[in-house]
Amino acid sequence: MKPLKREKLFEKLDRARKTLELPDRASIKQIRDKYRELSKIWHPDHCRDAPEKCRRMQQRLNEAYAMLMDYCISFQYSFRKEDVESYPTGEDFWWDHFGEF
């Protein structure tokens, strides 16, 4: 991926996210699953009523998926103890908000 200014990168990523109908935060698995789900709808082999529209939409899906995956793959994860402990798990969220019954 060609280096982009941060604002320009955000705009492209946000457009790609919206194309794949993803929320503001998504895991790689969610990105992949949503791409597959939409591809089943829009892939030209499955869409006989409007083949040109489907071809264009599948192309947009492919580009959006490639953009998001390229961004995610180049992200550097931290496995340092202090970084891992700074991100709450779902269980931490539950205990912090609801505690014991």
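H1 and H3 each supply at least two residues to the lining of the second largest pocket. Start there, and keep in mind that this is a predicted model.

**Stop 1: the second largest pocket.** Select Lys12, Arg15, Ala16, Thr19, Arg60, Glu63, Ala64 and Met67; these residues line the pocket. Its volume is about 180 Å³.

**Stop 2: the largest pocket.** Now move to the largest pocket, with a volume of about 890 Å³. Its lining has 23 residues, and the closest to the centre are Asp24, Ala26, Tyr71, Cys72 and Phe75. Show helices H1 (6-19), H2 (28-42) and H3 (51-73): each supplies at least two lining residues. Which helix gives the most to this lining? H1 does, with six residues. By class, the lining of the largest pocket holds 14 nonpolar, six charged and three polar residues.

Stop 3: Zoom in on Ile28, which lies in helix H2.

**Stop 4: salt bridges.** The structure holds 11 salt bridges. Side chains of opposite charge can pair when their charged atoms come close.

- In H1, select Lys18 and Asp14. Their closest N and O atoms are 3.1 Å apart. The two residues are four apart in the helix, so about one helical turn separates them. Lys18 counts as exposed, at 52% relative accessibility, whereas Asp14 is buried, at 16%.
- With Asp14 and Lys18, they are linked in a network of salt bridges. Asp24 is also among the residues closest to the centre of the largest pocket.
- In H2, select Asp33 and Lys29, four residues apart, about one turn of the helix. Their salt bridge has its closest N and O atoms 2.7 Å apart. Asp33 is partly exposed, with a relative accessible area of 33%.
- In H3, finish with Glu52 and Arg55, three residues apart, about one turn of the helix. Their side chains meet in a salt bridge, 2.5 Å from N to O. Glu52 is partly exposed at 38% relative accessibility. Arg55 is partly exposed too, with a relative accessible area of 38%.

Definitions and conventions
Residues are numbered from 1 along each chain as its sequence is written. This is a predicted model: local features need pLDDT of at least 70, side-chain atom pairs count only at pLDDT 80 or more; totals for chains, interfaces and linings use all residues. Side-chain values use heavy atoms; hydrogens and water are left out. On a 1 Å grid over the protein atoms alone, a cavity is a set of points where a 1.4 Å probe fits but cannot get out, and a pocket is an open set with protein on both sides within 12 Å along at least five of seven lines; lining residues have an atom within 4 Å of a point. Grid points are joined across faces, edges and corners, and a volume is the space filled by probe spheres set on the points. Ala, Val, Leu, Ile, Met, Phe, Trp, Tyr, Cys and Pro count as nonpolar, Asp, Glu, Lys and Arg as charged, and the others, Gly among them, as polar. A salt bridge is a side-chain nitrogen of Lys or Arg within 4 Å of a carboxyl oxygen of Asp or Glu. Buried means under 20% relative accessible area, exposed over 50%, partly exposed in between (1.4 Å probe, protein chains only).
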